[in-house]
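I opened my notebook to look up a few things in one structure.

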Amino acid sequence: TAHVDIKMKLSTATALAAFFTTASAFHVSQGPARSAALGMSTMEAPVADEVAATPTPFQQPTRFERLKRKYKGVHNVVSDEEVSFSYDDFAKAVAETDYHFERYSIVKGSCVEYDRSGIIVDIGAKASAFLPEAEAALIQPEGKGLEDLVALNEDMEFEIISDEDENGQLLVSLRRIQYRQAWDKIQALETEDAILEAEVISVNRGGAICLVEGLRAFLPGSHLTGQLPTEDLIGQVLPLKFLEVNKENSKLVVSNRKAVVEKQMAELSRGDLVNGVVKALKPYGAFVEVGGMSGLLHISQISLNRITDLEQVLQPGMPIKCMIIDHDKVNGRIALSTKSLEYEPGAMMTNPDQVFERAEETAASYHQKMKEEREAREASARELVMGLGDSLEDDDGDAEGGEAKDPLADVSDSLDSLLS
């Protein structure tokens, strides 16, 4: 019995010890017991809480960290003693500089690099501008590249032709500036009424297209001299004058005949012997083309004898020689004569070929005859004036005794005929 009591007391003590041990564990670590009931996914939560609750011990910064905190970067000492301008000068320059890059504005810049389809241009904007190949020049000869049209690193003016894109880049143009300059020059030439030269670049049924200061000008076929608007005309350089200049409608019309006539009229004078071709016959005479000009050979100036049938004397296409007896340089008109070349009256009706063969000789004789007649008229006029002077002196002596006589009473009718 005693042995049994001792065994029971030991069992009871062991049970109590186990109970207190379990209670102590449950009180200190409530999380694991709850985690075991919820599953394995929350087993690490108490560990994180314990780490967070554990205070971090304070660590002293290292020497490198202290130096790093004190470092403020490289400090350059700048002296303004050698600078040629002050801060006020710099502020003034900035204020005077225009940084507006609006569309259609004219800006200065330089081309810096050739690109595949244009040129990179520096105009001082936040991004480089771009010059398209089509806007590089007004005149772009076939076979010429960008390198031949625009040079790099040369200051020039550009026109902005677009707004900024998403990259801040602008499109610029040289062609549009050159276009306006060409029109200004053409208007100045028109004001001067100048003769210019231009190359024919194409032809059509109505005429030809010429390149005038880089602009396309229309040359009507009726204003071509001695030629037709065929392919053979392409590449020729012709003298031209303006017929119409209209900048608003971009219309430019020129004339080759007008320029040729003006040049030749400046070299022609009365009495000159010229070659021509009969172009048309009219009841009052014949129209003769002389060096691109149209001259009138009146029927009364063909022969000293009277002509009843003009077609028996001249035919269209017939080459002739004639003398200029009058001209209108303003309108480009000339009056011609063949009767002054006749070696005898009626020779144009009987033997016109002989008249043309002897034209130079006959013309020289005609000029000599005209010179002699002119000198005779001038001499008669001088004698008449001297006679009038003597008559006036005599009248002054007779004026005291009676009424003076009109000294021109007897010669007034003959004076005009002598001077004509």
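**Ground rules.** I noted that this is a predicted model, where local features need pLDDT of at least 70, side-chain atom pairs count only at pLDDT 80 or more, and totals for chains, interfaces and linings use all residues. I number residues from 1 along each chain as its sequence is written, and side-chain values use heavy atoms, with hydrogens and water left out.

**Whole chain.** I looked up the secondary structure and found 12 helices and 15 strands in the protein chain. Helices (H or I, at least four residues) and strands (E, at least two) are DSSP runs, numbered from the N terminus. The protein chain has 420 residues, of which 29% are buried. Buried means under 20% relative accessible area, exposed means over 50%, and partly exposed is in between (1.4 Å probe, protein chains only).

I then looked up the surface: the protein chain exposes about 28800 Å², with 52% of it supplied by carbon and sulfur atoms. Accessible areas come from the Shrake-Rupley method with a 1.4 Å probe; for residues, only the protein chains shown count as cover.

For contacts (heavy atoms within 4.5 Å), I took pairs at least 6 apart in sequence, and 57% of these join residues at least 24 apart.

**Two loop residues.** I searched for positive phi outside glycine. Y104 has a phi of about 75° and sits in the loop between α5 (87-96) and β1 (106-114). Y104 is exposed, at 54% relative accessible area. N153 has a positive phi of about 60° and is not a glycine either. N153 lies in the loop between α6 (146-149) and β4 (156-160), and is exposed at 60%.

**A charged patch.** Which residues gather in a patch of positive charge on the surface? I found R63, R66, R69 and K70. A patch of this kind takes residues with over 30% relative accessible area and no salt bridge, and joins like charges within 9 Å. A salt bridge is a side-chain nitrogen of Lys or Arg within 4 Å of a carboxyl oxygen of Asp or Glu. Lys and Arg count as positive, and their charges are placed at NZ of Lys and CZ of Arg. R66 belongs to helix α4 (residues 63-70) and is partly exposed, at 41% relative accessibility.

**A helix residue.** Is T362 buried or exposed? I found T362 in helix α11 (residues 359-398), and T362 counts as buried because its relative accessibility is 11%. Leaving out residues up to four places away in sequence, T362 touches S340, L341, E342 and Y343.

Note on methods. Patches are made of residues with over 30% relative accessible area and no salt bridge: like charges are joined within 9 Å, nonpolar side chains (Val, Leu, Ile, Met, Phe, Trp, Tyr) within 5 Å.
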